[in-house]
Amino acid sequence: MQISSMDIPIERFTLPNGLTVILSEDHTAPLVAVNLWYHVGSANERHGRTGFAHLFEHMLFQGSADVGANEHFELVQRAGGTLNGSTWLDRTNYFETVPSNQLELALWLEANRMGWLLPAMTQQKLDTQRDVVQNERRWSMDNQPYGTWWERLPALAFPAHHPFHHSLIGSMSDLDAASLDDIAQFFATYYTPDNAVLSIAGDFDEAEARAMVERQFGSIPRGAGKPALPDMAVPSTYGSPVREVVSDDVMLPRLFLAARSPVFGSEAYYAASVAAGIIGMKKGSRMYRTLVRDQQLAAEAQAFTYDLAKGSDLLVVDVTARPDTTVEQLEEAVHAELDRIVDTGVTADEVARVVTMIETDLVATLQSASERADKLSMFATYFGDPGLVNEQARRYRTVTAEQVNAFLRSRLVRANRATLLYVPREVDAATSGNELAMAEAP
Amino acid sequence: MGNGMHLVVAPVTKLPIASVIVIVEAGASAEPTGKEGVAALTARLLPEGAGDLDGAALAERFERLGASVESHADWDVAAVSLTALTAQLPAALALVRDLLRAPVFPEREVARLKEERLAELLQQRAEPRGLADEQFARALYAPDVRYASPPEGDSGSVRALTRGDVLAFYAARYRPAATTLVIAGDVTQAQARTLADTLFGDWVGDSPAPVVTAVDTAQSGRLTRIVSKPDAPQSELRVGHVGLARGAPDYFDAMVMNAVLGGLFSSRINLNLREAHGYTYGAFSAFEWRRGAGPFVVSTAVKSDVTGAAVREILGEIERMRRDEIGEEELTLATSYLDGVFPIRYETTAAIAAALANLVIHALPDDYYDRYRDRVRAVTTRSVLRAAQAHLHPDRMRIVVVGDPTVIATPLGEAAGMTPDVMVPERMERPA
């Protein structure tokens, strides 16, 4: 099976205003995906404005100079397209997939808000989207069992004031403080063509697409530059175990464990990614076999990498207890299993299992134009090289058991384990009273 | 095929990959009374031991082929599915044959999967969305209707299930004549046929008894219920009633009507609750399409102190849908979206296989997808109004809210026009 024969085509150019443009033609279906990455995320937020990058993403659907509120959604759906946006720690993306003949509509909508957002911004729109986002926070975190792990785990794994330490969704009070001035300032600083990558994948003509991009985006002025992020570097391990116990409205204990690991895309990342797969990808993984199938202490077990491209990545293990498993048993069993894999190492067979599954996933993912465009934007944004999308399978195939074992011995040691343990509220008084106090004094 | 098994193939040659779904007439609707959950348990046990291989070995074999297998049962059918690179497809399908034709159902795995289901049910007690869905179903259907309890069974029924129940359900339901193999991807018709004949051609068995999906839709009257979650920062809302079956003659009218009401981001309910009022992160309506009449439900989560106002807006939008013809612009937004998005929905082999499986499950004609876009475009503002008047029923609206009764009971009662009953979910026992 020759994965290399499936390379996706890549054309790249840059507009005079600094906008990086990636084109990838494919005429198998009459559709085209447009994907825009801005190199800004929650890491860029200033003190007192946690959650602002994401709130700002919501405001980008509230219209621009020539587009009414919610008209962006309506125009794309009326054209038979799909769309959305998302915010992450170090990037924000916006994307549409539309029938081939609607490419310029998608480009016009993206260009109009990149160039002329501010005339459409009003206090009322900001107030409404603040309410929407605060409800998003309640829905995804505050009223959801274990929901706060999204903000507690990075807070545990990165030191205070590190750009990845604070909450992506933001605190209620910081969201309350966001103003129209913040919108204008954030827009001018980060939403500029030279801080963005535009990818187009699917059924289009290259010359026509180039002309459309130049027509729609060409007149948007370059930005004045953005402030550099503070130093993202952290030590490769915590130095000693980190632990937080949270008493919550949950029925079963659940443990999240984060180890600092090599940043996404680095040479060492691929061994870490394979290690995560051996530990917790699907039913053939170590955690599933041992804790779920054999010992029957856990109802669910998985592991994955966060895929952070700056400072440090995190390898996360996530295990939920069975009803008859105590908090102590759960924690001991997870640590024991990790100790065992560090001590005895993994085999070439285990590496092969994970690499084969990842290869199938890579091919399955590339079927979708939207996914191809997103991957192109990602590799161009993080590494300046969209061609890396065609290198991933090869990089995984070169990972050896020795590399995985070297990673495990250096990074999965107890001194590099941050444990976040959720405990049902009514049992904690009896079994974990001491830790309760700890959890309530963050 | 000669043994009554069906084969559906969709060649897609873009990439060397293929998706398989095997569907069996073995869903929850086929369960004997008192054995609720046995369909899901049986389906989930298929990869937990087959032929000479135990569950761990089977998982290992599949995953070494890069093809992790999933098996589950919903209301209508059981399904086993996987995606693999073409080169690995024959080996992966041979394993699928083993788990369909020679499952072992080890006692230990039966016990383990029962315990995992009980753990899931326990979790749900503290999970507002799952709890709201479960309690909404119970508020919709009479207790003896299968749709009243979860397809995977509740704690009482799951506890009582035995390996004998699983063996009996498997023997009664897993037959070649009740099975369809769907393959979408980089294979030819001839290759697929050869594979199917080789692996399943000698599987014999009589046709199983037909499944009768009987649902009592004759419930009447309104209901307003609070499922108590003290101090909840949000109320999880479910508003609706028994909907209609997938086979309804005016399916397209009802689907487009729902798209306008609450199916799309730009729908009336979402624009009202989210964009005009900021009550919620999102609000949507849906008909749950099953062989029998599944729920029609409006779902959202709103800040606790606007629970009554949100319910009033939802009920108002439903009334308006029944009262006035929608505008031409609203109609074309929905129909041009559903029409245009068609190729985008079927970009992957997994999506194509699922769409073909859907034809089989609901006995839709072979040219269904060829005619789909025409039928969407044939919907009119008049036919949408007729569908709204026929299928939205304010007089039997069931309102279920998981939230804090001390905050929401009074405003909710005012909005619903009746005093809500308050239910305190039982805390299942947990060993100390």
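Biologist: Which residues of H3(B) meet Leu195(B), Leu199(B) and Phe200(B) in H8(B)?
Modeller: In this predicted model, H3(B) covers residues 89-101 and H8(B) covers residues 189-200 of chain B. The contact of the two helices divides into 6 nonpolar residues, no polar ones and 1 charged. On the H3(B) side the residues are Pro90(B), Leu93(B), Ala94(B) and Arg97(B).

Biologist: At what angle do helix H3 and helix H8 of chain B pack?
Modeller: Two packed helices are described by an angle and a distance, both taken between their axes. For H3(B) and H8(B) the axes are 10 Å apart. The crossing of H8(B) by H3(B) is right-handed. The angle is about 35 degrees.

Biologist: How many residues does H5(B) give to the side of domain 1 of chain B that touches domain 2 of chain B?
Modeller: Chain B is divided into domain 1 (6-200) and domain 2 (223-423). Their contact takes 31 residues from domain 1 of chain B and 27 residues from domain 2 of chain B. Strands S1 (6-11), S2 (17-24), S6 (78-85) and S7 (179-185) and helix H5 (128-140) of chain B each supply at least two residues on the domain 1 side. The largest share comes from H5(B), with 10 residues.

Biologist: How far apart do the C-alpha centres of domain 1 and domain 2 of chain B lie?
Modeller: These two domains touch, and the touching side of domain 1 of chain B divides into 21 nonpolar, 7 polar and 3 charged residues. Their C-alpha centres are separated by 29 Å.

Biologist: Why is chain B as compact as a globular protein of that length?
Modeller: Chain B has 17 helices and 13 strands. For its 432 residues the globule rule gives 22 Å. The chain comes close to that, so it is as compact as a globular protein of that length, with a radius of gyration of 23 Å.

Biologist: What percentage of contacts in chain B between residues at least 6 apart in sequence join residues at least 24 apart?
Modeller: The C-alpha trace of chain B spans about 65 × 60 × 35 Å along its principal axes. Of the 432 residues, 55% count as buried. Among the contacts in question, the share joining residues at least 24 apart is 82%.

Biologist: Which element gives the most to the side of domain 1 of chain A that touches domain 2 of chain A?
Modeller: Domain 1 of chain A is 9-217 and domain 2 is 242-439. Their contact takes 32 residues from domain 1 of chain A and 31 residues from domain 2 of chain A. Elements giving two or more residues on the domain 1 side include strand S2 (20-25), strand S3 (31-38) and helix H5 (149-157) of chain A. With 6 residues, the one that gives the most is S3(A).

Biologist: What separation do the centres of domain 1 and domain 2 of chain A have?
Modeller: The side of domain 1 of chain A that touches domain 2 of chain A has 19 nonpolar, 8 polar and 5 charged residues. Taken over C-alpha atoms, the centres of the two domains are separated by 28 Å.

Biologist: What is the radius of gyration of chain A?
Modeller: Chain A has 17 helices and 11 strands. The globule rule gives 22 Å for 442 residues. Chain A is close to that value, so it is as compact as a globular protein of that length, at 23 Å.

Biologist: How many residues of chain B are in contact with chain A?
Modeller: On the chain A side, helix H2 (71-78), helix H4 (123-142), helix H10 (286-294) and helix H12 (348-365) are among the elements that each supply at least two residues. By class that side has 22 nonpolar, 16 polar and 15 charged residues. Chain A contributes 53 residues to the contact, and chain B contributes 57.

Biologist: Is Tyr146(A) buried or exposed?
Modeller: Tyr146(A) lies in the loop between H4 and H5 of chain A. Its phi is positive, about 65 degrees, although it is not a glycine. Burial needs 20 or more other C-beta atoms within 10 Å. Tyr146(A) has 22 such neighbours, so it counts as buried.

Biologist: How many other C-beta atoms lie within 10 Å of Asp307(A)?
Modeller: Asp307(A) is in the loop between strand S9 (298-305) and strand S10 (313-321) of chain A. Its phi is positive, near 65 degrees, in a residue other than glycine. Asp307(A) counts as partly exposed, because the number of other C-beta atoms within 10 Å is 15.

Technical notes
Residues numbered from 1 in each chain as written. Chains lettered and ligands numbered in written order. Predicted model: local features only at pLDDT ≥ 70, side-chain atom pairs only at ≥ 80, totals over all residues. Domains from an automatic or database assignment. Contact = placed C-beta atoms within 7 Å. Helix = DSSP H or I, 4+ residues; strand = E, 2+ residues; numbered from the N terminus. Nonpolar A, V, L, I, M, F, W, Y, C, P; charged D, E, K, R; others polar. Rg over C-alpha atoms; globule rule 2.2 N^0.38 Å. Buried ≥ 20, exposed ≤ 12 C-beta atoms within 10 Å, placed from the backbone. Axes fitted to C-alpha atoms, helices over the stretch in contact; angles between N-to-C directions. Left-handed = near helix turned anticlockwise from the far one by under 90°.
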